[in-house]
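Trainee: Please take me through this model. I will ask one thing at a time.

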Amino acid sequence: MNETNNPNKKMTSVMIGLEIHVYLNTKSKLFCSCSTDIINAEPNSVTCPVCLAHPGSKPVLNAKAVEHAIKVGLALNCKINNNFFFSRKTYFYPDMSANYQITQYEVPVAENGFIKLGEKKVRIRRAHLELDPAALIHPQGLGKSNYSLIDYNRSGFPLLEIVTEPDFSSPLEARGFLNQLETILSYLNVLMPNMTMKADCNISINGGNRVEIKNVSGFQAAEKALAFELARQKQQEKVGNKIEQCTRLFNADTGQTVEARKKETEEDYGYIFDPDLVKVFLNNKQIEKIRNEMPELPQQKIQRFVSEYNLNEYESNVLCNNFDLSKLFEELMQKKVDAKITSNLLTRELLSILNHDSLKLNQVKIKINDLQELILLIKNGKVSDKNVKQSLINYISGDNTPPKEYLEKNGLLIKEIDLESIINNVLEKNNNAVLDYKKGNNKVINFLAGLVMRETKGSARIEEVLEKLKQKISE
Amino acid sequence: MGRKESLKFFVENSKKDFSLVEENLHKIILELNASQNKKLNYIEEYDEKNVLQQLNDLKKNSSKGKLFGVPLTIKDSICVKDLETKAGSKILKGYKPLFDATVIKKAREEGAIILAKTTQDEFGFGTFSTNTEKIPKNPFDNERSCGGSSGSSAAFTAYTSRYHASIGESTGGSIACPSSFCGVTSITPTYGLVSRYGLIDYANSLDKIGSIGRNIEDVALLLNVISGEDNFDSTNIGKKFEIEEGSIQKIAIVKNFFENCSDEVKKIVLEKIDKLKEFVKIEEVELPLNSEYALSAYYIIATSEASTNLAKLSGLRYGVQGDVVGKHFDDYFSEIRSNYFSEETKRRIILGTFTRMSGFRDAYYLKALRVRTKLINEFNQQFKKYDLLLTPTMPMVPPKFSEIEKMTPLENFAMDLCTIPANLAGLPHSSCNAGFSKGLPVGLMAIAPHLQEQKLYSFGKVMELE
């Protein structure tokens, strides 16, 4: 019996779709001139009659947000609509100052796009602009406080909602998409700094009812939430329970999803065109102008790195999937240093240190000159791999001494003459081992090399040491 | 009640002699207080200290504008900084705007004095200014309505003998109607000509701020000041009304708009039109689509928009507040909205929520929008041949309050039959007094093509000949 014929072992078909909310990088809010710089602001101090929905106030659309949205649409291979408008989505909630959200319903800025995830094409249904509600604060924790506080500083922030078709077949694939999306958005420089992307994750198995996990903060959490939900649904199905259409919430602390409410019907938001705003008309010239001003995108850069710097596809991918890393690489290339060594240094050593410390490149101080010096040392065979790493760890997470200075201070640079005499010295003192080797015990060479390395404090390149040892012994 | 000279005359003289401003203001304050004592209910909010402060500031001000020293009354729904502004609703009690509406800002820049807020139907929901706590009375007969919803803007304009004008607002006829009932002149401009920033919305795609005065010159002067560019209102078209003559070659009366009018109204309006025939050629046309569908399309669009506008009024950040602690926000919102909205407001919220619900949205809201386009086209067809279209403003003389009480909501809505088509189409229109029937004023409405307010100005001058 093969697997597909066995009802107990049949493959689960998984459909996952994502709705991603991205904060756009604009100086002012989406419909008023309030600043989006609220990091150190007192609650409710960055507000005005418009974002507080005072009677008589009216929204005025932020043109920069539209430009950003178009850029994203183009990068996601979407059709950009020549005219679009905004609608009112009405629901009563204390964080929504007008009790309706200004969003896009019938015609979004962009629709019908795709991005390639390896060989797979993930379809993008639409990308639309909308405003963010205020932040609700529950002083004693959600469900425990008998009151909530509202901070309207965030009210009116520009959001772009990107909706995919249900094209992912695993949580991991969804995560891969989110990573790639983030890379594209960082290339476009449209992301508001210090704001996490949020996603609503939809998942169904075997053509069953769709469950929506609302408002998951961060990509790792999205993958975890989907993985938990997938396991839960499989379990439910196994014990013969029907999976109900519902909305669930993800608890990042427990890693579990909990039911928020049943969804018998779609909610009725009573959409109308927002009559305070006018249709946005774009001619093809304007769209082309934005297209021409688009920066290079990851896929293009990967290809260019391969052809321009002779990198292989893999390293180019690793470099280019991190916008800041690829930028650093190119800055080093301007200094005419070796591409291969630089690529190795950045993709292996630097990335692993950053990952180990959960740091992002833009959070650490790196000077081009410092790296340039280090690369030259490597190129000239003056430093061992081990010490490259050690000097870099100290540079990133230690006292920030430039690598070259650090290596010099600690005597970790390889000195040719020293190696020669150290080897002679070691061979003299270990005559027996030399004899063993000559008798054919090849392993002894490693023992000797270890002694040499110890004497050089690890500053020698192991390959060189081995080569020189063999040479000396056979002389 | 009579004064012959226009505001322009007053402003010119006031610039030379400030005592004229002081005298006019002090006398109008006396009249305002007298009207309050007589319980005519024209004034919603009045702050004498604030008014006298403005007078003081004006005295020191060297730049003397087009409305220098002119006291203005303002429909309550238009925000005036630090002055209670509640659009005639209990739910906004105590709300003092943090900013001046653009029209107020522009009027102040031209030296106007903001005198008082006038009473109106709650949020503009009404034709008789009876949908509010303080019901204003018609200056010609206190047993009768002064019209709505900008009722007291027109009524106080008729009541005062002093130099004054009023800023009103029309969604479906709320400037023209009270102008007709109170025998004064008004222009409701093209949608988008006057900024709506600072107007408490009824239905945003229909709302127009306009001017009410004793004669067409006053109305034109005020419209000139309040119109023009404003970056705070996305629907503002950035043009200013300039006081210039507009060419009028040919006029038509809209025959089928007369059908539902009372005989006395028909008589007065047709007599006036006969006299106009000495000056200009007048023909007859019909607007069958507008007669048939304007009212329904209007009420669907207006209530759909209104029901979303009013959602923000929930006792949370301004206006009335209740005891919130320990309650679920849904219950709190319901409590506030149940207690402080009037029956008429609730009716329109329910109607407007229904017409945009999924399942009904296509049949009502979206269809009404498509109908609106067809109705605009019907007007535009006629404007290829005619410079102006004429109709009675209201189908009857001002009714008694006792008569209004007996009307069903539908009869009430039908009162706006003549005013709604032009409002729905965003067309500029004026109402001028055509005469009196048994001492009660009858208005004549002129409708012009979009942005052709100059034709209304010229027509108003012709109306005032004699």
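Mentor: A residue is buried if 20 or more other C-beta atoms, placed from the backbone, lie within 10 Å of its own, exposed if 12 or fewer do, and partly exposed in between. Helices (H or I, at least four residues) and strands (E, at least two) are DSSP runs, numbered from the N terminus. This is a predicted model: local features need pLDDT of at least 70, side-chain atom pairs count only at pLDDT 80 or more, and totals for chains, interfaces and linings use all residues. Residues are numbered from 1 along each chain as its sequence is written, while chains are lettered from A and ligands numbered from 1 in the order in which they are written.

Trainee: Are the residues that point either way from strand 7 of chain B buried or exposed?

Mentor: Thr185(B) and Ile187(B) point one way. Ser186(B) and Thr188(B) point the other way. All four of these are buried.

Trainee: Which residue of strand 8 of chain B stands opposite Thr185(B)?

Mentor: Pairing here takes at least two DSSP bridges between two strands. Strands 7 and 8 of chain B run antiparallel and are joined by three bridges. Opposite Thr185(B) stands Gly213(B).

Trainee: What is the bridge partner of Ile187(B) in strand 12 of chain B?

Mentor: Strand 7 of chain B also pairs with strand 12 of chain B, antiparallel, over three bridges. There, the partner of Ile187(B) is Ser430(B).

Trainee: Which are the edge strands of the open sheet in chain B?

Mentor: The open sheet has eleven strands with mixed pairing. Its order is 1-3-2-6-8-7-12-13-11-9-10. An edge strand pairs on one side only; in chain B these are strand 1 (43-46) and strand 10 (281-285).

Trainee: What does the twist average from one strand to the next?

Mentor: Axes are lines fitted to C-alpha atoms, for helices over the stretch in contact, and angles run from 0 to 180 degrees between N-to-C directions. From strand to strand, the twist averages 30°.

Trainee: Which residue in strand 3 of chain B is the bridge partner of Leu72(B)?

Mentor: Strand 2 (residues 71-75) and strand 3 (residues 113-118) of chain B run parallel, with five bridges between them. The partner of Leu72(B) is Ile114(B).

Trainee: At what angle does helix 8 of chain B run to strand 12 of chain B?

Mentor: Contact means C-beta atoms, placed from the backbone, within 7 Å. Helix 8 (residues 263-276) of chain B lies across strands 9, 10, 11, 12 and 13 of chain B. Its angle to strand 12 of chain B is about 110°.

Trainee: How many residues of helix 7 of chain B are buried?

Mentor: Helix 7 (residues 216-226) of chain B is mostly covered. Its cover includes helix 1, helix 4, strand 6, strand 7, strand 8 and helix 16 of chain B. The buried count is eleven of eleven.

Trainee: Why is helix 5 of chain B largely enclosed by the rest of the structure?

Mentor: Count the buried residues of helix 5 (residues 151-159) of chain B; among them are Phe156(B) and Tyr159(B). The helix is largely enclosed because the buried residues number nine of nine.

Trainee: Which residue of strand 15 of chain A stands opposite Arg88(A)?

Mentor: Chain A has an open antiparallel sheet of three strands, in the order 5-4-15. Strand 5 (100-103) and strand 15 (272-273) of chain A each have a single partner strand, so one side of each lacks a neighbour in the sheet. Two bridges pair strand 4 (residues 87-90) with strand 15 of chain A. Opposite Arg88(A) stands Ile272(A).

Trainee: How many C-beta neighbours inside 10 Å does Gln233(A) have?

Mentor: Gln233(A) lies in helix 3 (residues 219-238) of chain A. Beyond four places in sequence, it is in contact with Ile205(A) and Ile243(A). Gln233(A) counts as buried because its C-beta neighbours inside 10 Å number 21.

Trainee: How many residues of chain B are in contact with chain A?

Mentor: Chain A contributes 27 residues. On the chain B side, the number is 38.

Trainee: What ipTM does the predictor give the complex?

Mentor: pLDDT is the predictor's confidence in each residue, from 0 to 100. It averages 96 in chain B and 91 in chain A. For the complex, the pTM is 0.89 and the ipTM is 0.95.

Definitions and conventions: Contact = placed C-beta atoms within 7 Å.
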